[in-house]
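Grab a pencil and have a go at a few exercises. Try each task on your own before you read the solution under it.

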Amino acid sequence: MAVIELTGVGKTYRSMRGSDYRALHDFDLRIEPGEFFCLLGTSGCGKTTVLNMVAGFERQSEGTILINGKPLHGPGADRGVVFQGDDSLYSWLSAQGNIEFGLRMRGVPKHARREQAQCYLNLVGLQGQGHKHPSELSGGMKQRIQIARVLANEPEILLMDEPFGALDAQTRSVMQQELLTIWGATRKTVLFITHDIDEAVTLATRIGVMHAGPASKLKATIDVNLSPTERDRTNDGYVAVYRQVHALLRDEVAIAMRRAS
Ligand SMILES: Nc1ncnc2c1ncn2[C@@H]1O[C@H](COP(=O)(O)OP(=O)(O)O)[C@@H](O)[C@H]1O
Ligand SMILES: [Mg+2]
């Protein structure tokens, strides 16, 4: 059974002034257990809309969305969401406090949540930094705390919306490798949004390329059968996948630019 299944999903944003915008139309997507699925598309094509619906933050206008075979009813602890920016942390809590927050809400006793938070701090490579507040942390560190906070709640599904988009290239590359290590250790099902082909080829087991909006849907999906050592820009297999994705995306970029002008 698919973990995430969208069938015939449409999303129309209603406008007060009567100019409705149909972002998605007849969007189908199935993500199987343990997949690392990267959803790729031009800016404004509807990637965040898809993620927000799967997260339960937005309701679809048409179609069905199933999570483990059950219709979706709003946000749930089975899905952890990592946002694009690094400003979603609670500024008044330490890094440790931020990671413990969800556990505290669920009534996990103090000692147990300390230990669990420490474990996830280590996992994202920030051992010994737990006492610092968000204002004392770099963008990359804050993004890692955000990931640790989501992982500490042990969701079955990770939903990530361009989580490394604001980071410098070096930090982004480190974070991508850390995410792969975490995914390897926990084998969660991941829906990861990006507009960066290299990021998708580095991370994904499968890549979905979207059409340009409006009324966007999936244009094609590509299996990425590359071992960790093959996920290198100089590897022939990597280059072949990159070219395939680039060819699919190139036309959509041109369409999006034409429509915007
Ligand atoms: N709340 C909203 N109201 C009206 N239009 C929206 C809203 N959110 C997104 N849109 C529009 O829907 C389209 C898809 O947006 P989005 O999903 O954020 O795209 P992406 O994440 O791929 O850049 C865009 O044209 C955007 O302007
Ligand atoms: Mg977006």
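This is a predicted model: local features need pLDDT of at least 70, side-chain atom pairs count only at pLDDT 80 or more; totals for chains, interfaces and linings use all residues.

Residues are numbered from 1 along each chain as its sequence is written, chains are lettered from A and ligands numbered from 1 in the order in which they are written, and side-chain values use heavy atoms, with hydrogens and water left out.

**Exercise 1**

Task: Find which residues are around ligand 1, and sort out which element gives the most to that shell.

Solution: 
- Start with the list: the residues around ligand 1 (a heavy atom within 4 Å) include Tyr 13, Tyr 21, Lys 47 and Thr 49.
- Next, sort the shell by type: four residues are nonpolar, six polar and one charged. Here Ala, Val, Leu, Ile, Met, Phe, Trp, Tyr, Cys and Pro count as nonpolar, Asp, Glu, Lys and Arg as charged, and the others, Gly among them, as polar.
- Now look for polar contacts (N or O pairs within 3.5 Å; within protein, one must be able to donate a hydrogen and the other to accept it, and residues adjacent in sequence count only if both atoms are side-chain atoms). Oxygen atoms of ligand 1 lie 2.7 Å from a backbone N or O atom of Gly 44, 2.8 Å from a polar backbone atom of Lys 47 and 2.6 Å from a polar side-chain atom of Thr 49.
- Finally, the elements: strand S2 (21-31) and helix H1 (47-55) each give two or more residues to the shell, and H1 gives the most, with three. Helices (H or I, at least four residues) and strands (E, at least two) are DSSP runs, numbered from the N terminus.

**Exercise 2**

Task: Work out how helices H2 and H3 are placed against each other.

Solution: 
- Two packed helices are described by the angle between their axes and the distance between the axes.
- For H2 (residues 95-105) and H3 (residues 110-123), the angle is about 130 degrees and the axes are 9 Å apart.
- That makes H2 oblique to H3, because angles under 35 degrees count as roughly parallel, over 145 as roughly antiparallel, 65 to 115 as roughly perpendicular and the rest as oblique.

**Exercise 3**

Task: Where is Glu 154 found, and what is its phi?

Solution: 
- Glu 154 sits in the loop between H4 and strand S7 (157-161).
- Its phi is positive, about 50 degrees, although Glu 154 is not a glycine.
- Most residues other than glycine have a negative phi.

Key: Axes are lines fitted to C-alpha atoms, for helices over the stretch in contact, and angles run from 0 to 180 degrees between N-to-C directions.
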